[in-house]
Structures are given as C-alpha cells and as structure tokens.
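Reader: Please take me through this model feature by feature, giving the general idea before the particular case.
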Amino acid sequence: MREHRIAAVPGDGIGQEVVRAGLEVLEAVAAWDGGFRLRVETFPWGTDYYLDHGRMMPVDALARLKPFDAIYFGSAGDPRVADHISLWGLRLAICQPFDQYANVRPSRLLTGIVGPLRDVGPGDLDWVIVRENTEGEYAGAGGRVHRGHPEEVGLDVSVFTRAGVERIQRFALALAQTRPAKHLTLVTKSNAQRHGMVMWDDVFEIVRLDYPDVETDRMLVDAMTTRMVLDPRSIDVVVATNLHADVLSDLAAALSGSMGIAPTANLNPERKYPSMFEPIHGSAFDIMGQGIANPIGALWSAKMMLEHIGEPSAAAALMAAIEAYTACDANKPRDLGGTATTAEVTETIIGTIEGRNV
Ligand code: ATP
C-alpha cells in the first residue's frame with residue numbers, strides 16, 4: 001500500500017478547528033480509496049508555543065518538516081502577538097526556506113453557493129491566481145532607522161529577480177496550458193513602478209513565446225480589480241507578484257462566496273522540499289472556539305494536497321463530496337448564511353465519501 005507522510009501544523013485560531021476537520025476527512029477518503037495510507041504527525045506550533053518559548057516554532061522545525069511529503073497548515077495569527085511576528089515566524093518561515101515559490105489559489109463559484117455578483121453563476125467564475133511566493137514586496141528587505149523619533153524612516157524594498165520572475169511565469173503558463181480556456185493574464189503595476197514591474201513585463205514577452213497555445217493578456221492591478229467584478233467570465237489564470245496576488249486572491253475568495261471556502265497551495269514544483277497546503281483565510285478570532293468555522297477552505301486545500309502527493313482519484317472524490325454538499329439543501333455554515341457547525345459540515349461530507357448520503 002502506498003504511504004504518504006503528512007505534517008499537520010494547525011497553528012492559531014480556527015486553523016486548529018479546520019485542520020482537525022480536514023484530517024478526519026482525509027482519513028475517510030484514504031479508507032474509501034483503499035490504495036494508500038496517510039501517516040500524519042501534528043506539530044503544535046503557533047502563538048501558544050511563542051508565548052511559552054519566545055519563537056513560533058522550534059529552531060530545528062525545518063529539519064523536522066523536511067522529510068514529509070506535504071505540510072497541511074491551518075493559520076498563523078493571534079491578537080496577543082503582533083501580526084508580523086506570527087506571519088514571519090511561522091508561515092513565511094516555512095514558505096521561504098522551502099522555496100515554495102508558486103502559491104496557487106483557485107477560486108470557483110461552487111454549485112449552490114450564491115456569490116455577491118449579480119447574474120454570475122457556477123461556470124462563470126473559475127479562476128486560478130498564481131502568486132509569486134518567495135520574493136517581491138514580501139522579500140523582507142528594508143529596515144527602520146531613527147526609531148520613535150520624528151525623523152524616523154521605514155523602508156520596504158521589493159526584490160524581483162529575473163530567475164524568480166521567469167520561473168513563476170513559466171509555472172503559470174504551464175498551468176494555463178492544462179485548462180480548457182488556456183488563457184493567462186499577467187498583472188503588474190508597470191506604469192507607476194518602472195523598474196521591477198517593467199522587468200516582469202519584459203520577461204513575460206519572452207517566456208510566453210514558449211507556450212504558443214496559451215492566449216495571454218496584460219493588466220494593471222487596479223484595472224484587474226474592476227475586471228474581476230465586472231467581467232469575471234473573461235478571466236482564467238492570473239499571474240502576479242506576492243503583494244498584488246495576495247490582495248486579488250482575497251477579492252477572488254469573496255467573489256466566489258466566502259473567505260471560508262477558498263484553498264491555497266504553496267508549491268515547490270521541483271519537489272526538493274515539501275509543499276504546503278492551507279485555507280486562504282486566517283485565524284478568524286471572532287469565531288474561534290465556537291465550532292462554527294467553515295471547513296471547506298481546509299478541505300479543498302486537502303484535495304490539492306492529495307493531487308500533489310499523487311492520489312488523483314481520492315482528490316476527485318473529495319472535491320465531488322464538497323460540491324455535493326454545497327449543491328444540496330443541507331444546512332450551511334454561518335458564513336454561507338446557515339447555522340451548521342464545523343462538525344456537521346464535516347460529517348455530511350464524510351457521509352458522502354462513505355456513500356451514506358445517497
Ligand atoms: P488573520 O489576521 O489571521 O488573517 P483575520 O481574522 O483578520 O485573520 P480572516 O481569518 O481571514 O481574517 O477572516 C476574516 C473574517 O472572515 C473573519 O472575521 C470571519 O468572520 C470570516 N471567516 C474567515 N474564515 C472563515 C471560516 N472558515 N468560516 C467562517 N467564517 C470565516
């Protein structure tokens with residue numbers, strides 16, 4: 001029997017609740033498949049760990065994660081600790097050293113879910129946003145001088161390397177090639193930022209020639225927000241910088257119904273390091289501990305993880321169960337207008353996988 005090693009890092013807030021749900025569903029789908037087993041180890045890192053140890057994860061964390069086939073992540077963030085500490089100490093501290101440079105964020109209006117856009121139904125909004133995940137605006141380059149004085153200066157320097165730009169654009173072009181529409185939009189802000197962003201445009205004009213079957217266009221990020229709202233059917237795959245794609249993918253998640261649904265994969269496509277899968281939402285402290293978080297974002301992320309580790313039929317079964325749930329008239333979680341708990345949603349989806357809901 002095939003065996004895959006999964007490192008679960010639930011992290012903070014509702015991350016813990018949705019990862020627990022995701023692990024139960026993964027167990028069920030592995031049992032349904034019968035051809036593989038998941039060996040899961042859970043690492044209790046995050047803000048509680050920080051308050052006890054002064055770090056979000058131990059010094060040897062990366063060495064401990066390295067042998068795993070994939071990392072299943074919840075969320076990092078807690079009001080007791082500044083956001084930049086939790087983000088840089090956990091999520092980015094894994095993504096960057098593991099060279100997870102391709103952040104893949106699908107958004108689709110699932111059947112049964114009513115999004116905020118008028119006259120936009122399932123099939124009209126089916127996007128994948130590809131975010132550069134290791135450099136750019138979040139490279140960590142910068143500093144503060146004259147701290148606390150009136151003349152204080154704060155600098156955040158965007159770092160774009162030609163190699164980094166080329167590899168993410170090639171990844172997005174290859175991904176677009178696998179989809180029916182075979183269309184890619186390059187998003188930059190090269191009218192105002194005339195160095196790194198113009199390099200993105202220049203590199204794109206060269207690399208896209210290697211993918212002649214992919215139709216491409218280019219947009220400025222501000223215009224892209226308008227296009228996402230007014231003309232969603234014209235969009236297929238989008239590639240953008242770390243910051244721009246971060247913002248666009250939150251908008252995409254909201255337009256596809258709820259922040260609680262959207263998944264993301266942080267991929268090291270060369271598989272030199274484990275890749276990491278997580279819901280797009282954060283810790284949502286307003287609903288933490290109440291058992292009402294929507295687990296679908298975490299479940300859809302688990303589906304992407306199954307694809308990555310080479311279990312496509314289990315992945316397809318899981319996605320079919322998620323869509324059967326959104327399409328049916330069962331009670332939905334609060335963010336989708338119902339009162340269902342995390343446990344109830346999870347149980348319904350497991351029931352479908354196990355064939356009990358026919
Ligand atoms: P962070 O700072 O870690 O990103 P946040 O609370 O600022 O966390 P999100 O966690 O992304 O931001 O959530 C924004 C809001 O969306 C939350 O306040 C919550 O009400 C809602 N939300 C997010 N995820 C879910 C979910 N899985 N189920 C239900 N509601 C959710």
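Author: Buried means under 20% relative accessible area, exposed means over 50%, and partly exposed is in between, with a 1.4 Å probe and protein chains only. This is a predicted model, in which local features need pLDDT of at least 70 and side-chain atom pairs count only at pLDDT 80 or more, while totals for chains, interfaces and linings use all residues. Residues are numbered from 1 along each chain as its sequence is written, and side-chain values use heavy atoms, with hydrogens and water left out.

Reader: Is Cys 95 buried or exposed?

Author: Cys 95 is buried, because its relative accessible area is 0%, whereas Cys 328, at 31%, counts as partly exposed.

Reader: How many disulfides does the structure hold?

Author: A disulfide is a covalent bond between the sulfur atoms of two cysteines. By the rule used here, a pair of cysteine sulfur atoms within 2.5 Å, the structure holds zero disulfides.

Reader: What does the domain assignment give for the protein chain?

Author: The bounds come from an automatic or database domain assignment, which gives domain 1 (1-100 + 268-358) and domain 2 (102-261). Their C-alpha centres lie 23 Å apart.

Reader: Which salt bridges does the rule find across the interface of domain 1 and domain 2?

Author: A salt bridge is a side-chain nitrogen of Lys or Arg within 4 Å of a carboxyl oxygen of Asp or Glu. The rule finds two across this interface; elsewhere in the description of side chains, Asp 99 and Arg 167 meet in a salt bridge at 2.9 Å, N to O.
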